[in-house]
Amino acid sequence: MGRFTDRSIIVTGAARGIGAAYARALATEGAKVVVADLNSELGESVAKQITADGGTAVFAQVDVADPASAKAVADFTVAQFGGIHHLVNNAAIYGDMKLDILLTVPWDYYKKFMAVNLDGALNMTRAVYKHIAKAGGGSIVNQSSTAAWTYSGFYGLAKAGINSLTQQLAHELGHSKIRVNAIAPGPTDTEATRSIVPEQFVDQLVKQMALKRLGTTEDMVGACLYLLSDDAAWVTGQVLNVDGGQVF
Ligand code: NAI
């Protein structure tokens with residue numbers, strides 16, 4: 001018996017990277033997982049692998065920026081698994097670092113970015129909270145970043161928004177027995193990080209961290225499962241840095 005036996009969970013952005021690690025770990029602890037992502041090819045293969053390993057997972061395509069798509073994935077989850085107990089709002093995009101100046105970023109670009117990285121978590125939460133309440137309560141984890149506390153352009157601005165959203169939603173949903181927390185990872189070794197962050201910059205970041213190494217996707221899993229689980233039954237509205245000592 002795992003901590004999530006028979007619990008139904010949606011993990012957004014679960015087709016690769018940290019989200020895929022969350023989906024796998026949750027399935028290992030007995031959860032019925034919806035691997036929700038824009039990328040159907042990678043998402044299908046994560047769900048198939050979990051199933052091949054003996055877990056329960058299905059893929060659902062979602063664009064978290066679109067409220068109708070968020071509602072569709074909630075309805076799909078209820079149809080597949082009979083209800084929803086938990087949500088992990090992990091999907092995000094990194095954006096073009098060359099445009100990352102608030103005074104000059106084109107509005108269209110900025111709005112599309114915020115629609116995924118900030119509104120996406122709210123869209124998904126609005127789509128699922130009544131189902132979680134109906135199931136007797138549960139919990140939500142939002143994926144923030146240490147970028148919220150450091151100088152990080154509009155990516156950091158969106159993640160600071162995620163922190164505020166976490167506190168506000170914890171306040172609004174507490175009476176429905178729904179806890180809402182966030183994880184703020186430090187620089188983590190994923191395909192996305194490797195493709196966008198120059199190596200020299202990574203070296204510089206690592207030097208500033210107490211533990212002198214990048215995080216791994218597995219480093220993130222313990223915090224996510226803790227915050228989602230009943231082990232954190234009296235924890236809500238918190239942002240937990242999991243960052244190898246980058247920010248303190
Ligand atoms: P990633 O790029 O590997 O994975 C993100 C996933 O989100 C992808 O599968 C992508 O297809 C999906 N996605 C993008 N837009 C979407 C949309 N509109 N609707 C649905 N799915 C969408 O990213 P990674 O590195 O695994 O990061 C995961 C989360 O952790 C993100 O929220 C990121 O901001 C956060 N984070 C990552 C850090 C890192 O160093 N990798 C550090 C701090 C935070």
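# A guided tour of the predicted model

Begin by selecting Ala133, which, leaving aside its neighbours within four places in sequence, is in contact with Ser176 and Ile178, two residues being in contact if their C-beta atoms, placed from the backbone, lie within 7 Å. What you have open is a predicted model, in which local features need pLDDT of at least 70 and side-chain atom pairs count only at pLDDT 80 or more, while totals for chains, interfaces and linings use all residues. Residues are numbered from 1 along each chain as its sequence is written.

Ala133 sits in helix α5 (residues 119–134); helices (H or I, at least four residues) and strands (E, at least two) are DSSP runs, numbered from the N terminus. Ala133 is partly exposed because 16 other C-beta atoms lie within 10 Å; a residue is buried if 20 or more other C-beta atoms lie within 10 Å of its own, exposed if 12 or fewer, and partly exposed in between, with C-beta atoms placed from the backbone.

**The strands around β4**

Next, select β4 (86–89), where His86 and Val88 point one way and Leu87 and Asn89 the other way, and where all four are buried. Strand β1 (residues 8–12) runs parallel to β4 and is joined to β4 by three bridges, strands being paired if DSSP finds at least two bridges between them. The bridge partner of Ile10 in β4 is Leu87. Four bridges join β4 to β5, and these two strands also run parallel, with Asn89 standing opposite Asn142 in β5.

Not counting residues up to four places away in sequence, Ala23 touches Val11, Ala14, Val33, Val35, Val46, Ile50 and Ala57.

**The ligand**

Select the ligand and the 28 residues that surround it, the closest being Gly13, Gly17, Ala92, Ser145 and Ala192; a residue counts as near if its C-beta atom, placed from the backbone, lies within 6 Å of the molecule. Helices α1 (17–28) and α7 (191–196) each supply at least two residues of this shell.

Move on to helix α9 (residues 217–228), whose 12 residues should span 16 Å at 1.5 Å a residue, in agreement with the 17 Å between its end C-alpha atoms; the expected span is 1.5 Å times one less than the number of residues. Asp219, Met220, Cys224, Leu225, Leu227 and Leu228 are buried in α9, and the buried residues of this helix pack against α1, β4, β5 (138–143), β6 (178–185) and β7 (239–242).

Finish in the loop between α8 (199–208) and α9, where Ala210 lies. Ala210 counts as exposed because it has 10 C-beta neighbours inside 10 Å, and, leaving aside its neighbours within four places in sequence, Ala210 is in contact with Gly244 and Gly245. Lys212 lies in the loop between α8 and α9 as well, and has a positive phi of about 55° although it is not a glycine.
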